[in-house]
Amino acid sequence: MFKRPGKTAIITISISLFLLLIQLLIRVDSYFLSDPLVKMIQTISLWKQGWSTEGILYPAKDIDPLFLLSPLNEGFVFLNNNRLLGQYPVALTFLYSLFGFLPFPILPYFNILFLIVFLKLLTKNSIQISTLVIVSLGTVVFPLLVDFSENGPFIILTGYGYSFLFKAFLTNKKEDWILGNLFLGLSIWFRLEGVLFFFAIQSTIAFIHVFIKKEPILKTLHPVRYLLFAVFIFLFLLWNTFSYSHPLGTRHLTNFGNSDKTFYDQIKIFLSMVFTYPRANGWSLGFFLQSPIFLYAIIKLRKKQVLQNLELLFHLLIVILYLLIAGITSPNDGITLTGRYLVVTIFPLTFILNEQMDELKKNKWILYSIYTWMFLFSFLIIAIFYFSSIELKKLRKELAQFNSSLIVTTNELISGGFGLELVDKKVVCVRRENLIDYFSENLKKTSPNEFTILTIGKETNFNQDEKNLFSSLLVHSEQSGYNCSKEERTARILGRKCIKIEQK
């Protein structure tokens, strides 16, 4: 007989279908710009080259042999061992490249599977429905699962790792220690925060066991608690050293390796991640600004309640310790969603919120006000996704009107606007004045019959340098034997087609 699905199952299906609806509305199958674009091109490149190299496919290599004119965001790619590499993890690109037999643009829709597993994990840990809904829809988790990224597998791996280590803390069963180490060990291949999270968990367990339970230190240092994770760390460092000539890998080479931040800068990053901080493009959207219910739940904790309930103390100490470690070590605040680096704290915070929910419901006005704020905040983020996807679609429609064997742009927004076409299309970005001579030198060597230079059509006080760059490119191209008098224009883009002048 057909069994009627329970309320939790209905909620899980509804939330998952809501994510799918948002993805279809945004058209994530064509929403490839900035981070998602580089990640997908890394994946496609790995598949098309038969997993023989992590180097990004770059059709314009003949005119840019040193990879100085990459059309992708300069902060996301770098030259390493004569390869143009993306900064994103090989675990992500390898995982998704296994599905290369499918159309690549549909891969972001796989995130619905990760959301279902995330919700099932919370349900398995006895998280009540009201907590389940607010954690899935009112936190940084939902927007992180909208587009193509490593966040889906990372959230699942850290979630299961946390769940098993929590059980190990309670029962000291060997299999729980091993599984917790296994999942968190796998997570570091997707994001380095897995290392910080493991350290926060193990430090908390050691503190409670030694200073509260008064257990022997040697018991806390038992190898079963750490050994498997240490093996993963060793393999991770070994792979990075072998593949990228640095043990900390691509993220270090692009983020940490180029950092020269002061202590004050790190404080600003911490505030921006945790709550908010003013930036050039507006105030940041930090973790607790988006999800103040977690702060409210912590504030409502009573000292006696925490001291008598070691489970609550376990979750609370991990949150505090992880926040401090992440704040000290983060190379930036996450740029767009500044709460992304704190996503792993969702798990201990969910346990705290679940424990406190009955207490919070006593003051419904405050609780419902927080609910309203969180859902409005999520709506704002989704609206940003939606309107940016509309603008991206308009940009691509305009770019399609420029037909040339080689496209030269003056900024990464235009070059990145070509999306996944960059795997096959020759596009370079001369983003600075000091790259013009390099471009001109290689232009003379390769001598293409024609190419098109693109820039922003409207001249303003803010893009004067770019306009000067465009003019310099035209001058140097004409000096290299090209006629660049033919102008092409769309609503927002100005182009000049340069045709080689035949020598008589």
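This passage looks at the overall fold and then at one helix pair. The structure is a predicted model, so local features need pLDDT of at least 70 and side-chain atom pairs count only at pLDDT 80 or more, while totals for chains, interfaces and linings use all residues. Residues are numbered from 1 along each chain as its sequence is written, and side-chain values use heavy atoms, with hydrogens and water left out.

Overall, the protein has 22 helices and 9 strands (DSSP runs numbered from the N terminus: H or I of at least four residues for helices, E of at least two for strands). The radius of gyration, taken over C-alpha atoms, comes out at 25 Å, close to the 23 Å that the globule rule gives for 504 residues, so the protein is as compact as a globular protein of that length; the rule is 2.2 Å times the number of residues to the power 0.38. Along the principal axes, the C-alpha atoms fill a box of roughly 90 × 60 × 50 Å. Buried residues make up 55% of the 504, where buried means under 20% relative accessible area (1.4 Å probe, protein chains only).

Now for the helix pair. H4 (residues 111-124) packs against H7 (residues 151-171) at an angle of about 15°, with the axes 9 Å apart; axes are lines fitted to C-alpha atoms over the stretch in contact, and angles run from 0 to 180 degrees between N-to-C directions. That makes H4 roughly parallel to H7 (angles under 35 degrees). Residues in contact (heavy atoms within 4.5 Å) include Phe 114 and Phe 118 of H4 and Ile 155 and Tyr 160 of H7.

Key
Parallel < 35°, antiparallel > 145°, perpendicular 65-115°, else oblique. Buried < 20%, exposed > 50% of the residue type's maximum accessible area, 1.4 Å probe, protein only.
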